[in-house]
Amino acid sequence: MRRLVILVCLALTAGAPPPAQRSFVACPMIRDTEPVPCWLAESGGELYYLGVQGDISEAFHPPQLRHRALVEGTVLDGSRVCGGVVLKPVVVSALPEIDETCAKVLPAEGFKIADFPRGPGPANRGRQLATGPEVPRPLPPAPQPPYGVRTWDVRFGFEGLYINVHQFRGVLDAVAYAKASGGQVRVEGWRAASRLSNGETLAEPVGIAQARTDKVVQALTELGAAPVAAVAHPDLETPDGVTDPERRRVRITVRP
Amino acid sequence: MKWRGLVGCWMALALALPLAAQTPERVDVPADRSWWEAGDGRRMAAAAAYANPYGRLEVRNAGGGLETKGHPFFTPLGTNGRACVTCHQPADGMSVSVASLRQRWKATKGKDPVFAAVDGANCPSLDAAKRSSHSLLLDHGLFRIFLQWPVKDAEFSLEVVRDPSGCNGDPVFGLTSPNPMISVFRRPRPAANLKYVTTPDSIGFNVKTGMPLARDPETGAPVSMQLMADARQPTLKTQAIDAAVTHLQAPAAPTRDQLEQILAFETQVYAAQAVPAGSPPGLGAAALAKARPGLLGNDLKTPVFQSFDLWRAKAGETLKGEAAFRASAARGADIFLTRPFWISDTSHLNTVGLGNPIKRTCSTCHNAQMTGMDVAPGWMDIGTNNQPTADPLKHLPLFKVTCRADAPPHPFLGRAIYTHDPGRALISGLCRDVGSITMQQFRGLAARAPYFANGSAKDLPALVDYYDRRYAIKFTAQEKRDLVNFMSVL
């Protein structure tokens with residue numbers, strides 16, 4: 001709670017979000033289903049399904065017990081998985097402070113997971129065998145002219161500074177494009193607020209816009225595409241309870 | 001890359017010349033010749049086997065037999081009579097076991113240079129003649145690692161709660177001395193199979209930091225960030241310079257030529273438990289020399305230590321003796337790969353997008369083919385150093401870490417942490433890194449007890465027991481035996 005600022009701030013609030021939107025802070029729960037566990041969270045007397053255990057290459061990155069989570073999602077079609085109403089798409093942010101009350105592991109209670117990326121053991125994709133013949137790794141296609149202005153948004157979890165593997169690929173793409181096009185790189189970073197379903201607004205700390213901007217500048221510089229300019233925006237844009245996760249971002253612009 | 005080229009050239013020359021007409025040699029080294037003294041000058045065979053409690057360990061020079069006379073890895077470069085080989089013994093999988101250290105203490109009445117006070121004593125200020133001054137080395141295989149503290153922008157302060165070695169409070173060597181140093185105590189990591197340790201993750205991303213990998217200060221190429229328990233050394237070259245100056249007490253860094261020779265040796269030496277012909281393809285030092293590094297092995301089709309099918313029992317078959325042992329090791333390989341348990345509250349595993357907890361297996365963390373390291377920079381806090389999960393390590397220093405209120409906390413221990421070794425946090429200064437240790441390679445385990453960076457697992461059964469407790473796995477006695485047998489053949 002220390003760094004978390006909850007504002008009940010009507011001035012910032014746009015019109016009511018569409019009825020399918022859900023945005024709430026809650027303790028996540030894990031259910032011990034076969035073949036892989038699934039993740040749930042409760043809000044307003046309803047249980048929501050967030051996703052299943054997978055890999056970091058999956059779009060869904062599960063929450064963490066012992067941390068509350070900010071859940072921002074859309075009710076898919078009212079269907080249930082693992083006992084919860086499916087939220088999809090859904091963005092889950094583990095909040096940095098520890099909350100010992102977030103400790104619930106639920107039994108399977110007859111639920112099963114039908115759709116999962118991989119089981120609880122190793123993957124079964126088959127890659128290269130270290131003792132077998134060498135297969136050359138395919139290289140990503142190099143950017144091709146004509147070069148125009150392009151932008152990449154690096155998104156963060158709520159109160160987060162961590163660039164995850166998906167977002168990092170955006171950074172790599174921007175670097176490759178800047179190098180190929182000889183373009184100038186500019187960086188802009190934001191802090192954001194989330195409009196919760198209960199009408200409250202949850203805002204990130206002021207310093208995070210600068211900290212995020214610095215992170216991305218550092219990554220670009222280390223990768224050989226140092227920005228010519230970087231700006232942090234500590235002012236909050238109006239949260240709408242729908243697109244809030246998209247505003248926790250640093251934008252990289254490459255101008256050939 | 002230029003540097004690599006140079007080393008390669010040198011290697012080809014240096015190793016090809018003396019060997020030109022020779023066939024590869026293989027020797028069985030008798031137990032009374034197994035300790036390699038600095039400056040011994042004997043020839044290192046292309047393949048040599050050394051007995052250990054589980055069988056024999058094999059060390060192979062991919063470049064063929066090696067004259068060690070005058071070779072900088074085998075020759076004292078400093079003032080204390082030690083060479084690199086003193087703590088990286090071929091017989092001990094290029095680490096050094098507690099059993100060898102004890103024998104050495106007995107044989108030399110404590111005079112062997114391995115006991116040099118700088119880091120072979122609990123603290124250099126103690127009476128070096130006494131056994132008790134070397135208890136951490138003789139009882140736990142631990143050398144003193146001394147690092148500058150604090151580092152710039154550290155998110156936390158350190159307080160010494162317990163200091164059995166006396167070194168953290170020492171007026172000359174301690175945290176409040178004119179040149180403030182923290183002393184932690186760690187096992188030597190194997191100086192073999194190093195192409196696997198130094199190959200960077202191919203996408204250049206460090207999943208532990210969400211940032212690009214660190215770079216070689218000389219070439220600018222990305223590095224693996226896997227060297228040393230705290231990943232403090234970017235390259236084998238910077239590591240060798242640091243080792244010469246600290247462990248060997250060399251007055252200056254080794255010369256360029258010496259460094260090239262050290263690196264050329266280190267990058268062609270392979271160590272693994274010896275196995276007979278017809279064994280699984282990932283076993284033995286020759287397989288390590290031949291196979292390719294940097295490949296993910298947490299996959300049923302490309303398992304971490306390759307297939308164990310050759311040792312598997314057929315359905316309904318009852319095996320005896322060696323065949324029964326091999327079938328057990330094959331089952332152990334399966335447990336390692338496929339036996340799920342809840343992995344929880346582990347910083348840098350449960351925090352990188354997988355969720356806390358995750359139901360997975362040993363190979364989730366130990367996922368790199370051939371070594372069982374992490375393909376990504378491998379530091380994690382599995383609890384070996386932080387209380388309350390660490391064993392009660394009365395012989396080790398205990399520090400209280402207090403994190404700044406505005407810094408993100410350690411994700412599972414918060415802002416007040418009791419630790420025996422802050423690990424990666426001593427380099428990064430980050431609270432979330434407190435207690436995180438870069439995992440070691442698994443090869444030659446049979447030859448180099450005790451285990452974990454802090455030596456807290458005295459043998460392989462104790463290592464399995466640690467995991468069983470830490471993650472409440474509830475392994476059966478049979479599963480534990482199978483895992484131990486599996487690890488003993490690596």
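## Terms and model

A polar contact is a pair of N or O atoms within 3.5 Å; within protein, one must be able to donate a hydrogen and the other to accept it. The model is predicted. Two contacts are described here: one inside chain A, one between the chains.

## Two domains in chain A

Chain A splits into domain 1, residues 5-106, and domain 2, residues 150-255. Their C-alpha centres are 23 Å apart. Domain 1 of chain A puts 27 residues into the contact, and domain 2 of chain A puts in 23 residues.

Between these two domains of chain A, about 2100 Å² is buried. Carbon and sulfur atoms give 60% of that area.

## Polar links between the domains

Between domain 1 and domain 2 of chain A, 7 residue pairs are in polar contact, with both residues at pLDDT 80 or more. The count of salt bridges between the two domains is 1. A:Arg248 and A:Glu72 form a salt bridge through their side chains, with an N to O distance of 2.9 Å.

## The domain 1 face

Four strands of chain A each give two or more residues to the side of domain 1 that touches domain 2: S1 (5-7), S2 (21-26), S6 (69-81) and S7 (84-94). Strand S2(A) gives the most, with 5 residues. By class, this side of domain 1 of chain A has 17 nonpolar, 7 polar and 3 charged residues.

## Chain B against chain A

Now the contact between the chains. Chain B supplies 54 residues and chain A supplies 50 residues. The size of an interface is often given as the accessible area lost when the parts come together. For chain B and chain A, the buried area is about 4300 Å². Carbon and sulfur atoms account for 54% of it.

There are 6 salt bridges between chain B and chain A. One salt bridge joins B:Arg415 to A:Glu97, with the closest N and O atoms 2.7 Å apart.

## The chain B face

Which elements give two or more residues to the side of chain B that touches chain A? They are strand S10 (211-212), helix H10 (321-338) and strand S13 (358-360) of chain B. The largest share comes from S13(B), with 3 residues. By class, this side of chain B holds 24 nonpolar, 20 polar and 10 charged residues.

Notes:
Residues numbered from 1 in each chain as written. Chains lettered and ligands numbered in written order. Predicted model: local features only at pLDDT ≥ 70, side-chain atom pairs only at ≥ 80, totals over all residues. Heavy atoms only, no water. Contact = heavy atoms within 4.5 Å. Buried area = accessible area lost by both parts, 1.4 Å probe. Salt bridge = Lys/Arg side-chain N within 4 Å of Asp/Glu carboxyl O. Nonpolar A, V, L, I, M, F, W, Y, C, P; charged D, E, K, R; others polar. Domains from an automatic or database assignment. Polar contact = N/O pair within 3.5 Å; in protein donor to acceptor, adjacent residues only side chain to side chain.
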